[in-house]
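Dear colleague,

Please find below the structure that I am handing over to you. My findings follow it.

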Amino acid sequence: MKKIGITCYPTIGGSGVIATELGKLLAKQGYEIHFITSSMPFRLDCTHPNIYYHEVEVNHYPVFQYPPYDLALSAKMAEIIDREKLDILHVHYAMPHAICAILAREISKHDVKIVTTLHGTDITVLGIDPTFEQMIKHGIEKSDAVTAVSHSLAMDTKRTLHIQKEISVIYNFINENDYYKKNDPTIKAAFGVHPDEHVIIHISNFRKVKRISDIIYTFNKVVKHMNAKLLLVGDGPESSRAHELVEKLGISDRVLFLGKQKKISDLLSISDIKLLLSEQESFGLVLLEAMACGVPCIGTNVGGIPEVITHNETGYLVELGNIDEAANRVIHLLKNKSTHAKFAQTAVLNAQTKFHSNEIVKQYIDLYDHIETSMKE
Ligand code: GMT
């Protein structure tokens, strides 16, 4: 069986989640998985005889004003490639992981193939930063295979970096053992939500790109028409501004700021609608998590969101910044029980077919097999 190295950002974030869940599922199928990361990936919550974790240690030698994490990562990658005889090194998020992997391959003596998965802001933000643009392009072009989490991201990458190289689209997936609807009435009660109250949920890292104020203004319109609560899950730079806005609008008793939470599927299970009104989103993993729990989604018509939400079937797409349209869609869906039920059912179905982990992991395995055979030819 193949030996695969995986590098990702180990702390909270969709790219780290995908990389870790992929490693866990590959290990179950007999692959030997070597995580090479700065700390233990937070989703690596299991022990498995095929999973190894190699921590990248950064030398804080006093002469270094900036301790060289990227070089320490490359050195660790090269060490593991040689010692474990890795067949593939799969890196998630181009910057700096793809570039580090290329350097590691040059340093190591063993022949390893490099797969880079692009996740979003590594292209849409860093890829247009003149400081990094050429470096990211180099990392992509020198990889043996490149994947993107949506067609939108693949197209953005080709357009912004002027890349001819083939980019395979492999959608994100979720761990089906974690994300499913729990019919437990005590969850609503535990969060102080009345059984008859509608629940709208937003989950993010509260960065500017998520447009939290659009979420709050949308909810402010909805709550004028119906009894509802807004769950804001996550934390980040825009949190304080969100608190201020909620207070200014006088809806503090209707909005629950829950901060970072572990049991997301419990919160999704008591939610009626998931809102994601970002100005940029390569995929929106939280949408898929919601769909798996039977929650219809309303999202902006940007980036990869239209590839996840099927308009009029699993939710609605709205124009970026159009709060009236978003609020009207929420109200319509909450008032029409049969449409809501139909959307919820189709959302679960899509999560279990088009985005099922078995299907997605198979696509990664096919890609690994393909680069190995095409290199031999
Ligand atoms: O770039 C970020 O915002 C973080 C990144 C991550 O590591 O979670 O998010 C991106 O990758 C996710 C997993 O593929 C996608 O679900 C997110 O849509 C994407 N974020 C953006 O494109 C803004």
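How far does a polar side-chain atom of Ser15 lie from an oxygen atom of the ligand? The separation is 2.5 Å. The model is a predicted one, in which local features need pLDDT of at least 70 and side-chain atom pairs count only at pLDDT 80 or more, whereas totals for chains, interfaces and linings use all residues. Residues are numbered from 1 along each chain as its sequence is written, and side-chain values use heavy atoms, with hydrogens and water left out.

The ligand is surrounded by 16 residues, a residue being counted if one of its heavy atoms lies within 4 Å. Gly14, Ser15, His119, Thr121 and Arg207 are the closest.

Two helix pairs follow; helices here are DSSP runs (H or I) of at least four residues, and strands (E) of at least two, numbered from the N terminus. Helix H3 (residues 94-107) packs against helix H5 (residues 133-142) at about 55 degrees, with the axes 8 Å apart. The contact (heavy atoms within 4.5 Å) involves Ala94, Met95, Ala98, Ile99, Ile102 and Arg105 of H3, and Met135, Ile136, His138, Gly139 and Lys142 of H5. These residues comprise seven nonpolar, two polar and two charged.

In the second pair, the axes of helix H11 (residues 285-292) and helix H14 (residues 337-352) come within 7 Å and cross at roughly 115 degrees. H11 is therefore roughly perpendicular to H14. Leu288, Met291 and Ala292 of H11 meet Ala347, Val348, Asn350 and Ala351 of H14. This contact has six nonpolar residues, one polar and no charged ones.

Two backbone features also deserve mention. Most residues other than glycine have a negative phi, and most peptide bonds are trans. The bond from Met95 to Pro96 is cis, with omega near 0 degrees, and Pro96 lies in helix H3. Phe206, although not a glycine, has a positive phi of about 50 degrees; Phe206 sits in the loop between strand E8 (198-203) and helix H8 (212-222).

With kind regards

Notes: Axes fitted to C-alpha atoms, helices over the stretch in contact; angles between N-to-C directions. Nonpolar A, V, L, I, M, F, W, Y, C, P; charged D, E, K, R; others polar. Polar contact = N/O pair within 3.5 Å; in protein donor to acceptor, adjacent residues only side chain to side chain. Parallel < 35°, antiparallel > 145°, perpendicular 65-115°, else oblique.
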